[in-house]
Amino acid sequence: MDKLLEVKDLHVSFKTYGGEVKAVRGVNFNLYKGETLAIVGESGSGKSVTVKAIMRLIPNPPGKIVNGEILFDGKDLSKISELEMQHVRGKDISMIFQDPMTSLNPTIKVGKQIMEGLIKHQKLSKKDAYERALELMRLVGIAQPEVRLQQYPHQFSGGMRQRVVVAIALACNPKILIADEPTTALDVTIQAQILEMMKDLQDKIDTSIIFITHDLGVVANVADRVAVMYGGQIVEIGTVDEIFYDPRHPYTWGLLASMPSLDTDEQTELIAIPGTPPDLIHPPKGCPFAARNQFALAIDYEEEPPFFQISETHFAKTWMLHPDAPKIEAPESVKARVRVMPGNFEKPIQVEGL
Amino acid sequence: MLRYTIQRVIYMILTLIVIATATFFLMKLLPGSPFRNQEKLTPEQIQMLNKTYNLDKPVVEQYFAYMGKVAKGDFGVSFQFKNRSVTKLISTRIGPSAQLGLQAIILGTIIGITLGIAAALRHNSWIDYGATMIAVAGVSIPSFVFAGLLQYFLSVKWQLFPVIATNSENQLTFIGLALPTIALSVFVTSTTARYMRTEMLEVMGSDYIVLAKAKGISYFNIVFKHGIRNALIPVITVIGPMAVNIMTGSLVIERIFGIPGLGDQFVNSIYTNDYPTIMGTTIFYSFLLISIILIVDLLYGVIDPRIRVAGGNK
Ligand SMILES: Nc1ncnc2c1ncn2[C@@H]1O[C@H](COP(=O)(O)OP(=O)(O)OP(=O)(O)O)[C@@H](O)[C@H]1O
Ligand SMILES: [Mg+2]
């Protein structure tokens, strides 16, 4: 598969009165052509900051990309000029945000908001941009596009607005579409419609998607691969099946045990992960999850765990996979779902980074 | 929208009637009489004058007689300047006042908006702190204090500007109007700057600006096409209070710089108990103010599509 985007050792910090908030601390991942990568993790784990860094939308001050590389199309997006970045945004990489009610400019007609990017990036004439906007409105399933293009955002419902936002994001056939909790603010039926639509569109224009969500049900539905984030780091990454049916990191176990899914029956108890997220101003010395991990080993408090590779595609950042670690069983609710993954290596192998 | 406008115009007329009524009775409480050199007049002469001007009748009767005439558009004749109708008096005096007021508003809003935008875009920089300090000073210090200071230093001490706004032919000069305009515009500048800064900061931090950035729109277009327009909408609401300030401020400023305007005339008419002129000018000022507020409200609807539709559906 073709590597489209490569994020290497990304560090993002915010200067605050309390100190430097190290929101993202060494994130590594690749994005391949045509795939959907889901990023999951609890609130504050650095999901939004990671993708905003890719788009260079971190407000500065107080935020800053402290270290790392974001390789795309032969360029390092963390280093290029703001002007060059403007030609990447909306054209090669575009983004959908969480709240459709506030994402559109209330005083500009919807049509103009869709056409804006087309005129800038594809150098279309007003007339051609209008035609393309009509086409996009149909594509995202908005009826009477001629009328709708002349209306203002307040004349649209939340679901309709999110369709408009998707239309704006897809306008220039981006290579990467980043969706930061695009359905969280919508009700369940609309959520399903929007997800269905995004999947359809992905098939049509062959774009790669980074999809941030809290909802593991959505992940199972849309993702090819899943990255689990905790305390500003990716702690486990693998294919959907690997994460759902062969999770290795204790935080992933906690996540799976705490979220209902279609195959949880009535008896299965949902267990919340105890404790609070780590302090990002003074991150703990060893494994950031150690304090909340009932299976924590002594070394977890001393030394940051390396990545262990379980299969060609599956990595987890935990000492529990070390050959010297005692064998620890996953909690019942997780164990019940575990299947044998055919691609697994005989033994996890310790690796440098991802 | 049309129904809304008609409704507002009816309210406007009612407000005017209330103001006229209150002013009429309060004015009658003013000490003194409209006739100069009263000591030298015989009681018979005074009685005759009172009769001519209907001042011998009970106040309530005078009130209805006056309002009846006003309804027909007749504001009476000035006591001060014999044979000059109040309408004529106001229309000859309005020119200089309007020029001063307009200049001050235009100068003030342009500087204020620019300052507010600059402060917001350079949030927490020295531009921001400087603009905030100017704004606080400008709102809290009355315009006549500035007028006095400007006149003292720039005209009297350093003689860069004329002390009086008019030339020997009693004509306003551009250079003469400079200081009064600046003095009067300080409040406008500060108020607009303060509001513009707050609104612009909020708008620039909003989700739709982030989305516009994510579309790859240039900074210039983000600020001008997406930012300023939305930030301006709430700023329009302060035009009303600013107009009040300009009008009351100009009463004193016209005196200080000897500008033959309506404010100057108004103050004179109060000194001399010139009842028809006091009434006429008050009604005129009120009319102006209420109209400005109405126009601001209607303008709001034109600029903000959300309100436009809400009004239209009613
Ligand atoms: N502008 C900012 N100033 C200071 N800290 C910030 C800022 N933006 C984000 N952070 C910090 O960065 C950390 C990660 O935030 P981020 O928004 O990426 O979380 P998230 O994983 O997207 O959470 P959620 O699921 O709630 O959206 C948080 O601790 C947050 O406090
Ligand atoms: Mg987020």
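This report covers a predicted model, from the ligand site through the chain interface to local features of each chain.

## Ligand site in chain A

Ligand 1 is surrounded by 15 residues. Those closest to the ligand are Ser43(A), Gly44(A), Lys47(A), Ser48(A) and Val49(A). By class, the shell holds five nonpolar, seven polar and three charged residues. Two elements of chain A each supply at least two shell residues: strand E1 (3–16) and helix H1 (47–55). H1(A) gives the most, with three residues.

A polar side-chain atom of Ser43(A) is 2.4 Å from an oxygen atom of ligand 1. Gly44(A) uses its backbone instead: an N or O atom there lies 2.9 Å from a ligand oxygen atom. The side chain of His214(A) has an N or O atom 3.0 Å from an oxygen atom of ligand 1. On its own, ligand 1 has 630 Å² of accessible area, and the protein covers 68% of this.

## Interface between chains A and B

The contact between the chains involves 22 residues of chain B and 25 residues of chain A. The size of an interface is often given as the accessible area lost when the parts come together. For chain B and chain A, the buried area is about 2000 Å². Carbon and sulfur atoms give 60% of that area. On the chain B side, Leu211(B), Ala214(B) and Lys215(B) lose the most area to chain A. Together they account for 29% of what that side buries.

The count of salt bridges between the two chains is one. Glu116(A) pairs with Lys215(B) in a salt bridge, with the closest N and O atoms 2.8 Å apart. Lys215(B) is also among the residues of chain B that lose the most area to chain A. Polar contacts between the chains number 12 residue pairs, with both residues at pLDDT 80 or more. Three helices of chain B each supply at least two residues of the side that touches chain A: H8 (207–214), H9 (219–236) and H13 (305–313). That side of chain B divides into 10 nonpolar, four polar and eight charged residues.

## Backbone exceptions in chain A

Most residues other than glycine have a negative phi, and most peptide bonds are trans. Chain A has exceptions to both patterns. The peptide bond from Asn60(A) to Pro61(A) is cis, with omega near -10°. The bond joining Pro61(A) and Pro62(A) is cis as well, with omega about 10°. Pro61(A) sits in the loop between H1 and strand E4 (63–72) of chain A. Pro62(A) is placed in the loop between H1 and E4. H1 also contributes to the shell around ligand 1.

Gln144(A) is the phi exception. Its phi is positive, about 50°, although Gln144(A) is not a glycine. This residue lies in the loop between helix H5 (126–139) and helix H6 (145–149) of chain A.

## Chain B fold

Chain B has 13 helices and zero strands. Along the principal axes, the C-alpha atoms of chain B fill a box of roughly 85 × 60 × 30 Å.

Leu251(B) belongs to helix H10 (residues 239–256) of chain B. Not counting residues up to four places away in sequence, Leu251(B) touches Gly263(B), Phe266(B), Val267(B) and Tyr285(B). Val267(B) is 16 residues from Leu251(B) along the chain, and their C-alpha atoms are separated by 7.1 Å.

Leu289(B) is part of helix H12 (residues 275–303). With residues up to four places away in sequence left out, Leu289(B) touches Gly240(B), Ala243(B), Val244(B) and Met247(B). Leu289(B) and Leu149(B) are 140 residues apart in sequence, and their C-alpha atoms are 29 Å apart in space.

Technical notes. Residues are numbered from 1 along each chain as its sequence is written. Chains are lettered from A and ligands numbered from 1 in the order in which they are written. This is a predicted model: local features need pLDDT of at least 70, side-chain atom pairs count only at pLDDT 80 or more; totals for chains, interfaces and linings use all residues. Side-chain values use heavy atoms; hydrogens and water are left out. A residue is near a molecule or strand if one of its heavy atoms lies within 4 Å of it. A polar contact is a pair of N or O atoms within 3.5 Å; within protein, one must be able to donate a hydrogen and the other to accept it, and residues adjacent in sequence count only if both atoms are side-chain atoms. Accessible areas come from the Shrake-Rupley method with a 1.4 Å probe; for residues, only the protein chains shown count as cover. Helices (H or I, at least four residues) and strands (E, at least two) are DSSP runs, numbered from the N terminus. Ala, Val, Leu, Ile, Met, Phe, Trp, Tyr, Cys and Pro count as nonpolar, Asp, Glu, Lys and Arg as charged, and the others, Gly among them, as polar. Contact means heavy atoms within 4.5 Å. Buried area is the accessible area (1.4 Å probe) that two parts lose on being put together, summed over both. A salt bridge is a side-chain nitrogen of Lys or Arg within 4 Å of a carboxyl oxygen of Asp or Glu.
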